[in-house]
Structure formats: C-alpha cells, structure tokens
Amino acid sequence: MIRSRIIGCGSYLPEKILTNDDLSRFVETNNSWIVERTGIRERHIAAEGETTADLAEQAARKALSAAGIEANALDLLVLATSTPDNTFPATATRVQARLGMTGGVAFDVQAVCAGFVCALSVADSFIRSGQARTALIIGAETYSRILDWSDRTTCVLFGDGAGAAVLSAEESPGTTADRGVLAVKMHSDGRHYDALYVDGGVSTTQTAGHLRMNGREVFRHAVGNLASVATEAMAAAGVAPEAIDWLVPHQANARIIEATAKKLGLPMEKVVMTVDRHANTSAASIPLALCEAVADGRVKPGQLLVMEAIGGGFVWGAAVVRW
Ligand code: UT7
C-alpha cells in the first residue's frame with residue numbers, strides 16, 4: 001500500500017522575544033501567574049511588516065532542504081493558518097510562488113490550533129489516493145496581530161511562528177512497522193463556536209477582530225477530547241500506547257499537556273515540550289515541537305509518534321506517525 005512518509009521538516013521563529021516580565025510592564029499580570037497556570041515563560045513576536053507568509057516561507061525552505069527536494073517537485077502545498085495575509089487568495093499560493101513551485105496546487109486549511117493535524121490528514125489523503133506524490137504541509141501563524149494586548153486573560157498565552165514538513169508517497173508492506181502516517185483521526189463540535197473565537201470577520205464586522213476565549217471551558221474539554229482522539233488514532237493504527245516513543249502535542253498549556261499524557265499513560269520523558277519558549281502558536285505549534293525534537297536527535301528513524309491538538313470550533317485530532 002501507499003503510505004505518506006515525512007522526509008524532512010523545518011521551522012522558523014521570529015527574532016523578537018517577549019518575556020512574561022516584558023508583558024507585565026503593559027498588562028496587569030506577572031511571571032509567576034503565567035508560569036504556574038500555563039508553563040509559558042516567553043514567546044516570539046513577528047517584526048513589523050513580517051507576515052504569516054514570511055514565516056511560512058522560512059519554515060518551508062528549511063523543510064525542503066532537509067528533505068533534499070526542490071519546490072517544483074511538489075504536487076501539493078497545504079498551509080494551516082487562522083491568521084492569513086489576506087482574506088483571499090490563500091496565503092499558501094503566495095508561499096507557492098515564493099518557493100518557485102510552479103505546478104500542483106496550494107491552498108489553506110482553517111482548523112485553528114488543530115490546523116497542522118488537519119493539513120497532515122489532507123496531504124495524507126491526497127497521497128494515498130494517488131492525487132499527489134510529494135506534499136508540503138505548513139502551520140504558520142501571527143497571532144500577535146489578533147490579540148487584544150489589553151486583555152491579560154488571552155494576550156499572555158500566544159506567540160508567532162511556523163513549522164513545515166515534506167511528505168512523500170512510499171510503497172509499504174502495510175504493517176504497523178511501516179514508516180509514515182499510520183492513522184489520522186479528526187473531529188469537531190460546533191456547539192462550542194463561542195468558547196474560542198475572533199470577534200471580527202469579513203461577513204460580520206468587516207474587520208479582522210480580536211481573539212476571545214473562555215479559558216476554563218476550553219480547558220475543561222481539552223484533556224478528555226485529546227486523550228480520546230489520540231486513543232482512537234492509536235487503535236486505528238493498530239498500535240498500543242506502550243509502543244509510543246514520543247507524544248508531540250499542541251503546545252497550549254503545560255497543564256493540559258501533562259494531564260493528557262497522564263491519561264494516555266505516557267511518562268513526561270516521552271513528551272516534547274516547547275510551550276515554555278514558544279507559547280501557543282496555534283497551527284504552528286506541533287511542527288515547531290516536532291522539528292526541535294528531530295533536530296536535537298530525540299526523534300529517531302523508526303520511532304512511533306503521536307501528535308494531537310484541539311482548538312477553536314472545537315476542532316480536534318490526532319495522528320500516529322512512524323518516523
Ligand atoms: O489551543 C487551545 C487554546 N486555548 C487553551 O488551551 C486555553 C485553555 N485554558 C487555559 O489554559 C486556562 O484556562 C488559562 C491559562 C487560560 C487560565 O487558567 P485558569 O487556571 O483557568 O485561570 P482562571 O481563568 O480561572 O483565572 C483565575 C484568576 C482570575 O482572577 P479571579 O477572578 O480569580 O480574581 C483571573 O482574572 O486569574 C486571573 N487572571 C490573571 N492573573 C494574572 C487571568 N489571567 C491572568 C493573567 N495574570 N494573565
């Protein structure tokens with residue numbers, strides 16, 4: 001059978017770092033509250049004029065270089081973002097042009113913090129159905145542009161960044177020992193639309209709006225949904241939780257990550273954590289964490305990974321991948 005294997009990844013963080021102490025200078029908060037409740041210590045913020053496409057392009061170039069392929073070999077580019085450069089065209093097409101990808105198709109997906117899992121699912125489906133052989137998926141965000149910097153309940157939680165991965169079609173025996181994407185599962189429940197949303201938009205206010213969140217409600221749903229979708233993806237892949245080498249979770253809050261790992265029976269030594277330095281970068285957080293663990297040698301060929309995420313909608317999902 002055809003599997004889609006991740007053959008390279010890359011990430012990019014804007015240069016500017018904003019620490020918790022920096023935040024406490026303009027909003028009523030403090031380092032110890034943020035660290036205790038979230039595990040976040042600092043986040044990166046895009047420079048003036050630096051856009052989601054800029055971040056995405058940097059991450060994509062590194063992923064292509066790690067994979068050893070040229071952009072014009074790509075059949076598909078899927079960019080997960082909820083902070084696009086323009087309402088349309090898709091930011092993916094801007095990145096496509098900049099990379100020199102002349103064929104195939106590029107489009108955005110919008111699944112907020114679950115965006116990278118969604119992009120992975122789309123690319124995997126294109127590859128397994130024969131519509132594409134080589135795909136680039138990117139999660140890129142500039143949440144600094146939609147934060148209300150006077151609202152301490154949200155502005156301390158998010159950051160900017162981008163991560164990307166190249167997937168390639170590979171003929172595989174069709175066993176759990178195959179390398180590549182073994183299973184992806186996704187869900188949404190739109191009854192929670194108002195728990196985490198942006199209070200502006202094209203057809204409502206004709207403005208970009210600001211992020212609004214009922215943090216407690218998101219928290220309440222996060223752990224249960226993440227653990228159950230990860231369990232569902234592992235069952236679909238035919239692997240037991242004990243076989244998992246690395247949990248690469250969406251990085252929203254250290255407490256959510258720890259509670260989910262505990263529910264899955266995974267010790268924290270098997271969890272990749274970047275939330276302390278990146279904060280919540282939405283669709284970019286999984287590939288940022290993944291690239292870090294690949295670059296520093298933690299993730300090794302043949303190891304089994306679970307990625308999971310939940311975000312606005314709610315939309316949530318998990319993927320099981322053998323590296
Ligand atoms: O990708 C998914 C995205 N979202 C998430 O994952 C967020 C999920 N939710 C959370 O992570 C947590 O709910 C938060 C970190 C957002 C909040 O933590 P919490 O333990 O649920 O705190 P809380 O909202 O219950 O607030 C406790 C207190 C409140 O004061 P009072 O009403 O008890 O006097 C807040 O006003 O903390 C206050 N507070 C702050 N204090 C200092 C809220 N934000 C801050 C702040 N600094 N930044």
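This is a predicted model: local features need pLDDT of at least 70, side-chain atom pairs count only at pLDDT 80 or more; totals for chains, interfaces and linings use all residues.
Residues are numbered from 1 along each chain as its sequence is written. Local features need pLDDT of at least 70, side-chain atom pairs count only at pLDDT 80 or more, and totals for chains, interfaces and linings use all residues, while side-chain values use heavy atoms, with hydrogens and water left out.

The ligand is surrounded by 23 residues, each with a heavy atom within 4 Å of it. Thr29, Arg37, Arg152, Arg216 and Asn253 are the closest. By class, the shell holds 11 nonpolar, 7 polar and 5 charged residues. Here Ala, Val, Leu, Ile, Met, Phe, Trp, Tyr, Cys and Pro count as nonpolar, Asp, Glu, Lys and Arg as charged, and the others, Gly among them, as polar.

Polar contacts are pairs of N or O atoms within 3.5 Å. A polar side-chain atom of tryptophan 33 lies 3.1 Å from a ligand oxygen. The ligand alone exposes 950 Å², of which the protein buries 76% (Shrake-Rupley method, 1.4 Å probe).

Helix 2 (31-38), helix 6 (152-155), helix 7 (215-237) and helix 8 (254-263) each give two or more residues to the shell. Helix 7 provides the largest share, 4 residues. Helices are DSSP runs of H or I with at least four residues; strands are runs of E with at least two. Both domain 1 (2-171) and domain 2 (180-322) contribute to the shell, so the ligand lies between them. The domain bounds come from an automatic or database assignment.

Two peptide bonds are described as cis. One runs from phenylalanine 88 to proline 89, with omega near 0 degrees. Proline 89 falls in the loop between strand 4 (76-80) and helix 4 (91-99). Another joins glycine 313 and phenylalanine 314, with omega about -10 degrees. Phenylalanine 314 belongs to the loop between strand 12 (304-311) and strand 13 (315-322). Glutamine 206, a residue other than glycine, has a positive phi near 60 degrees. The loop between strand 9 (196-198) and strand 10 (211-213) contains glutamine 206.

Notes. A polar contact is a pair of N or O atoms within 3.5 Å; within protein, one must be able to donate a hydrogen and the other to accept it, and residues adjacent in sequence count only if both atoms are side-chain atoms.
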